[in-house]
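Let's take a walk through this one, starting on the inside and working towards a strand and a helix. Have the viewer open as you read.

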Amino acid sequence: MSPRKGILWFRNDLRLHDNEALLEALNHCEEIIPVYVFDTRLWNGKSSFGFPKMGEHRAQFTIESVLDLKKSLQQKGSDLIIRVGITEDEIFKIARKEKTSWVYCNRERTREEVDVQDALEAKLWTVGQEVRFTRGKMLLYTSDLPFPVTQTPDIFTQFRKEVEKIVPVRPPLSTENMTIPPLNVESEIGEIPSLAQFGINDPVKDPRSAFPYKGGETAALQHLEEYFWDKKLAESYKETRNELLGTDFSTKFSPWLANGCLSPKKIYQELSNFENKVKKNDSTYWIYFELLWRDFFRLMGKKHGDKIFLLEGPKAQENPDWEVNFAAFNQWAHGKTGIPFIDANMRELNLTGFMSNRGRQNVASFLVHDLGLNWKMGAEYFEYKLLDYDPCSNWCNWNYIAGVGSDPRENRVFNIAGQASKYDPDGTYVKTWLPELKALPEDKIHHPETLSAFEMEEYGVRLDVDYPSPMLDYH
């Protein structure tokens, strides 16, 4: 009698710990075939405004994450089959050749990912096989919520108040003592591709980066240990979270969460242990608070579906004045607006793939409310550039800033000059990313356009030569 075989399709869940699809496969199959597909529609794809869908920093981080997963599976006596192509076609080929019965995977909820899993499901039905979906993205289980997903409150504060006191966070699924059967297949294992195979350049490491870490579950768990136990940074998170420089001001969990190298339940488990053994305060609560925001945006994606990607958003509130102006957009995207706080943040993003949450809110607000540009241009550019790109978090955050999403305020407008003075009062952040302005004194660093001819000569900064004049008045 043939053994029961199942494919374990890894997607944005590149880990062994707390992996429901892995445990389901182990519980129902005698042989498991782990597979990862580099889908060319993503890796060679373009967004609607023509930006690449995969930038070099996220591409490198993803490859590192897949490589780490492969090593972890090999240490368990298995391996990871690698394919490059159209996901549903590649997995279907393996399923038919290996005569499997099921494909196990964590369900995704946004359009491009849903289309892939639906297409695979349709193909498998033709040969009597099926997809078995599990969950793995959220801190909370939707079945534990006091409301159906379709009735999730559209305002975060209301959502938080309804869940934080009554909905438990389940412990991570235990995988410590699991045994994975040896990989026994006729199919080729395949090799992890290089960036060059997709026409993507190798990213240049920047010593100024706030995220100098590698991709993968191993690096994620090491960072988790360091953050909570070696440096005990959780006890001061609320005070430091709006800072702009360095590796320690925020948790930096988001890139690993986006790729599924780190489970949110695992973070919560460490947080709870920290509160019990070291300290419980507003800072530790705020880490939980941020994890709830992430769940909220995922629920918004589930509830509103494709609406989060539309110009009018879930509110159906289109602004007829939003423009598509590539000249203005390129000044914003390349950090050449002439407004140092905006330019520094955008240059950090371009050079490292990372930007603080404070920076993201400011550059998004500037694009939408000061430049009056189509917010979807910014959302697609972030998809291209961000290490921690996640569809629901990215698009719902842009909905929020543009005033078309889940926010009681009509317009979330940031005063850029005020924000620069508050969060970079001495200009250290700006000088880090705009070295052409490093000689300017504190009272001029955020407003180089006020330099006199004498001061320009004194400080070696020529407007419109070394640094541009501001695109608009932002005082």
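Two residues are in contact here when they have heavy atoms within 4.5 Å of each other. Keep in mind that this is a predicted model. With that in hand, click on F228: leaving aside residues up to four places away in sequence, F228 touches A234, F253, I267, E270, L271, F274 and I287.

The largest nonpolar core has 127 residues, and F228, W332 and W375 are the ones with the most contacts inside it. Helix α11 is the top contributor to this core, giving eleven residues. There is also a second, separate core of 17 residues, with I33, I91, I94 and L120 among them.

Now for strand β1, residues 5–9. Five of its five residues are buried. K5, I7 and W9 point one way from β1, while G6 and L8 point the other way. In a regular strand, side chains do alternate between the two faces of the sheet. As for neighbours, β1 runs parallel to β2 (residues 31–39), joined to it by five bridges; L8 has P34 as its bridge partner there. β1 also pairs with β4 (residues 102–106), again in the parallel sense, over three bridges, and here G6 is partnered with W102.

Last stop: helix α6, residues 156–163. Which of its residues are buried? They are F156, F159, R160 and V163. Looking down the axis of α6, the buried residues fall within an arc of 95 degrees, so they line one face of the helix. Part of what covers them is α11 (282–304).

Key: Residues are numbered from 1 along each chain as its sequence is written. This is a predicted model: local features need pLDDT of at least 70, side-chain atom pairs count only at pLDDT 80 or more; totals for chains, interfaces and linings use all residues. Side-chain values use heavy atoms; hydrogens and water are left out. Buried means under 20% relative accessible area, exposed over 50%, partly exposed in between (1.4 Å probe, protein chains only). Helices (H or I, at least four residues) and strands (E, at least two) are DSSP runs, numbered from the N terminus. The arc is that of the directions from the helix axis to the C-beta atoms. A nonpolar core is a set of buried Ala, Val, Leu, Ile, Met, Phe, Trp, Tyr and Cys residues joined through side-chain atoms within 4.5 Å. Two strands pair if DSSP finds at least two bridges between them.
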